[in-house]
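Work through the exercises below with the structure open. Try each task before you read its solution.

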Amino acid sequence: MTCDELHEQLEPFFDNELGLAEAQKIQQHLEQCPTCEAIYAAGLAVREALQKPEVRFTPPGDLRSQIRAELSKQVRPTPQRRWRLPAFEIPNWLLPSLAGAAAVLVLWFGFNIFPTANRSSNGLLATVTAQLVSDHMRSLLPDHLIDVVSTDQHTVKPWFAGKLSFSPPVYDLSSQGFKLIGGRLDYLGNQEIAAVVFQHGHHYINLFVWPKSESTYPADTLVQKEGFNIIGWEANGLTMCAITDAAPDTLKTFVDLQKKSHMSAE
Amino acid sequence: MNEEEKLTRFEGEMLPLMNDAYNLARWLVQNEPDARDMVQEAYLRAFKFFSGVRGETGRAWLLRIVRNVCYDHLKKRKVYSSDEELENIPDNNSPESNLQVKSDVAAVRSALASLPEDFRTVLVLREMEELSYREISEITQVPIGTVMSRLARGRQQLAESLKKMREKDLV
């Protein structure tokens, strides 16, 4: 490979957009050619400079709420629609199948839309969700996030032991991109609950843990409220609930990792 | 999906991306008040067209809208003084960091800020947001070859101006 050939492919090599075979050729050339190696090193220096987190700009604290306020102006509550008869005639031959379809619909609606047993638990769920969201938001205020600052699970877990009647599982997932940064006591109603705090890029995740009670959280369902994403599950008689402003897929990955750590710990 | 459900889903998918959206807007329009307006406008525009995009695609999609809103704005803003913009760069991050780090960060920021817009855009998308060539090409609406050549020239110019700054410091 000549230097000119390399220059044509240096950017995609540098940005991991080349196939393995081409990348190896470039690698070999760089090892032998100080001139090209210097260009490559200059690119790396630029990358290192730009990837310092301090070089990024972070949004002003009130921008999120301002955007939410503007968005909600775009949405008016859905008006109750009146049922209208279709303005066309239904051919006779269609009537039996329509009747069948209607019967199926009645059964479907009957079983799914009005599951009376679930009504009260839905109300409870909404209350729990609202409290967790406000706990999460309060934790993001300056100096509210963490009571025990530690990236070591063997420090965070015993810290809870002196304060709660149950023992929340604490796993450090920094190698998978979710850095344990500490723990905190929080409240759900009058009950003291554990909050294990993780950081993912510039997002925070609060993992709330409390003993399982009649107020179970729907397992593995993504709940969205006020722009936050929430997933709950159960493990060893404990209810776990992770909440974050990170994207739903990120949260799902986090929850899966928590479950895996839990299973391998047992 | 009714409007309220749409809003709930939109907020869940798109608000997590606000840091990225703001960073891009701030680097394109180069001052805080305008960047705020751009991000807000982009979110309103995005909401109108939202029908449930996901994951990485959602990120590229939102950033494309941010970039378009910013470019519309820049086209309207005819007087364009780069000296004034350079002075306008506050270092609002990490008050706890020491002076050395601060001056390094300020140097990198002003070097990037003084690059031509096209180069600055691809560098922000590639090095800060770590998007692929394909995504950058979709966001900036130019072919991948152009993305590559802009990256190459942007890197080269940035390396040179950083080097000059360091030499000045040493004298």
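**Exercise 1. Describe how helix 4 of chain A and helix 3 of chain B cross.**

Step 1. Take the axes, which are lines fitted to C-alpha atoms, for helices over the stretch in contact. The axes of helix 4 (residues 63-74) of chain A and helix 3 of chain B come within 10 Å. They cross at roughly 35°, where angles run from 0 to 180 degrees between N-to-C directions.

Step 2. Find the hand. A crossing is left-handed if the near helix is turned anticlockwise from the far one by less than a right angle, and right-handed if clockwise. This crossing is right-handed.

Step 3. Keep the source in mind. This is a predicted model: local features need pLDDT of at least 70, side-chain atom pairs count only at pLDDT 80 or more, and totals for chains, interfaces and linings use all residues. Residues are numbered from 1 along each chain as its sequence is written, and chains are lettered from A in the order in which they are written.

**Exercise 2. Which residues of the two helices meet?**

Step 1. Residues are in contact if their C-beta atoms, placed from the backbone, lie within 7 Å.

Step 2. Helix 4 of chain A brings A:Leu63, A:Gln66, A:Ile67, A:Glu70, A:Leu71 and A:Gln74. Helix 3 of chain B brings B:Arg36, B:Val39, B:Gln40, B:Tyr43, B:Leu44 and B:Phe47.

Step 3. Sort them: seven are nonpolar, three polar and two charged. Here Ala, Val, Leu, Ile, Met, Phe, Trp, Tyr, Cys and Pro count as nonpolar, Asp, Glu, Lys and Arg as charged, and the others, Gly among them, as polar.

**Exercise 3. Which residues of helix 4 of chain A are buried, and which are exposed?**

Step 1. A residue is buried if 20 or more other C-beta atoms lie within 10 Å of its own, and exposed if 12 or fewer.

Step 2. A:Leu63, A:Ile67 and A:Leu71 are buried.

Step 3. Look for the cover. It includes helix 1, helix 2 and helix 3 of chain B.

**Exercise 4. How many residues does each chain give to the contact?**

Step 1. Chain B gives 44 residues and chain A gives 41.

Step 2. Helix 1 of chain B supplies eight residues, the largest share of its chain's side.

Terms used: Helices (H or I, at least four residues) and strands (E, at least two) are DSSP runs, numbered from the N terminus.
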